[in-house]
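Please look over the structure shown below. A short report on its parts comes after it.

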Amino acid sequence: MISQRISTLFKGILEKETLSTGYLFYGHSKEALDSTARFIGTWINCLSPQDGPCFQCQSCSLIQSQSSTGFFFIKTETEKMSIDTIRDIYSTVQYGAAEKDKHLVVIVSDCHKLTTEAANAFLKLLEEPPHGVIFILTTQNLLSVLPTIRSRCQILDIPAETVIPQNEDYALSGIIHMDIIQKLETAAALALQKDELKQLILNWLYTCNDLLRSTSQHDVYIKLADACLDALSSLRYNVNVRLLCESLLLSIHTISFDQKHLFQPASETQKIAV
Ligand SMILES: [Zn+2]
């Protein structure tokens with residue numbers, strides 16, 4: 001079973017026919033990432049979809065028997081994925097989906113294994129995908145994926161088993177509206193929750209990523225996302241967590257100063273709801 005949040009999200013996307021051409025699934029469990037990607041890829045192609053794929057129609061049956069021409073699962077057992085893999089993907093998808101209203105789903109598991117050369121070649125495919133092609137990338141190591149690839153995809157965190165609860169007290173919209181003293185007090189409080197901090201900053205990153213696509217104020221959200229990525233990257237080392245939190249919240253303060261009208265709490269509430 002996939003998480004309720006992801007299932008609800010894709011049900012809406014499929015009903016409204018608003019599929020993106022690139023998704024990047026991030027999470028701690030490789031098993032959950034791959035099974036969620038397979039589930040979503042099957043659902044996208046299903047001929048009688050409801051709250052998921054029916055697993056009975058011709059499309060679902062072909063995918064299950066690994067003989068579908070609309071579903072490809074690319075993985076490697078080695079440490080690196082070379083440009084040859086991208087050439088294979090290109091030759092498979094270059095003419096797009098077989099029929100006008102059909103999709104061709106390509107899942108690239110462990111996409112952080114792409115070499116720089118391969119990732120750059122793949123970027124061209126992501127930028128101008130052939131008709132009907134949907135890419136679903138998965139990784140356990142989000143920060144090792146090229147920023148240019150990340151920015152072309154809708155990034156979704158995939159929980160291992162249960163949904164990690166969102167702490168609404170620390171939603172990014174709320175943080176932005178705090179004055180500087182409240183921000184510093186919040187930084188001190190966050191520093192005491194190191195285990196949850198990474199997930200919280202990731203949530204902010206996803207919020208920026210969502211808003212980046214839905215508003216014209218791209219530069220502010222890009223700067224906020226960069227500050228979050230910097231903090232996440234520093235968290236991998238043995239840093240002073242309190243200083244890191246203060247530095248991140250001060251960056252957010254500087255970036256969003258005089259920009260308070262930009263933030264749309266409604267969008268964030270919607271995101272939390274899914
Ligand atoms: Zn089906």
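This is a predicted model: local features need pLDDT of at least 70, side-chain atom pairs count only at pLDDT 80 or more; totals for chains, interfaces and linings use all residues.

Residues are numbered from 1 along each chain as its sequence is written.

**Domains**

The domain assignment of the protein gives domain 1 (4-157) and domain 2 (162-272); such bounds come from an automatic or database domain assignment. Between the C-alpha centres of domain 1 and domain 2 there are 28 Å. Domain 1 gives 5 residues to the contact and domain 2 gives 6 residues, where contact means C-beta atoms, placed from the backbone, within 7 Å. On the side of domain 1 that touches domain 2, α1 and β5 (154-157) are the elements that give two or more residues. Helices (H or I, at least four residues) and strands (E, at least two) are DSSP runs, numbered from the N terminus.

**Cores**

A nonpolar core is a set of buried Ala, Val, Leu, Ile, Met, Phe, Trp, Tyr and Cys residues joined through C-beta atoms within 7 Å. Buried means 20 or more other C-beta atoms within 10 Å of the residue's own, exposed means 12 or fewer, and partly exposed lies in between, with C-beta atoms placed from the backbone.

| Core | Residues in it | Some members |
|---|---|---|
| Largest nonpolar core | 42 residues | including L24, F25, V105 and I136 |
| Another core, apart from it | 24 residues | among them I176, L200, L211 and Y221 |

Leaving aside neighbours within four places in sequence, V105 is in contact with G41, I44, N45, G70, F71, I134 and I136.

**A strand pair**

Strand β2 (residues 71-74) pairs with strand β3 (residues 104-108) in the parallel sense, over 4 bridges; pairing requires at least two bridges found by DSSP. In this pair, F73 stands opposite I107 in β3.

**Residue S7**

S7 lies in helix α1 (residues 4-15). Is S7 buried or partly exposed? S7 is partly exposed, because 18 other C-beta atoms lie within 10 Å. Not counting residues up to four places away in sequence, S7 touches I2, D51 and G52. The C-alpha atoms of S7 and D34 are separated by 15 Å, and the two residues are 27 residues apart along the chain.

Technical notes. Two residues are in contact if their C-beta atoms, placed from the backbone, lie within 7 Å.
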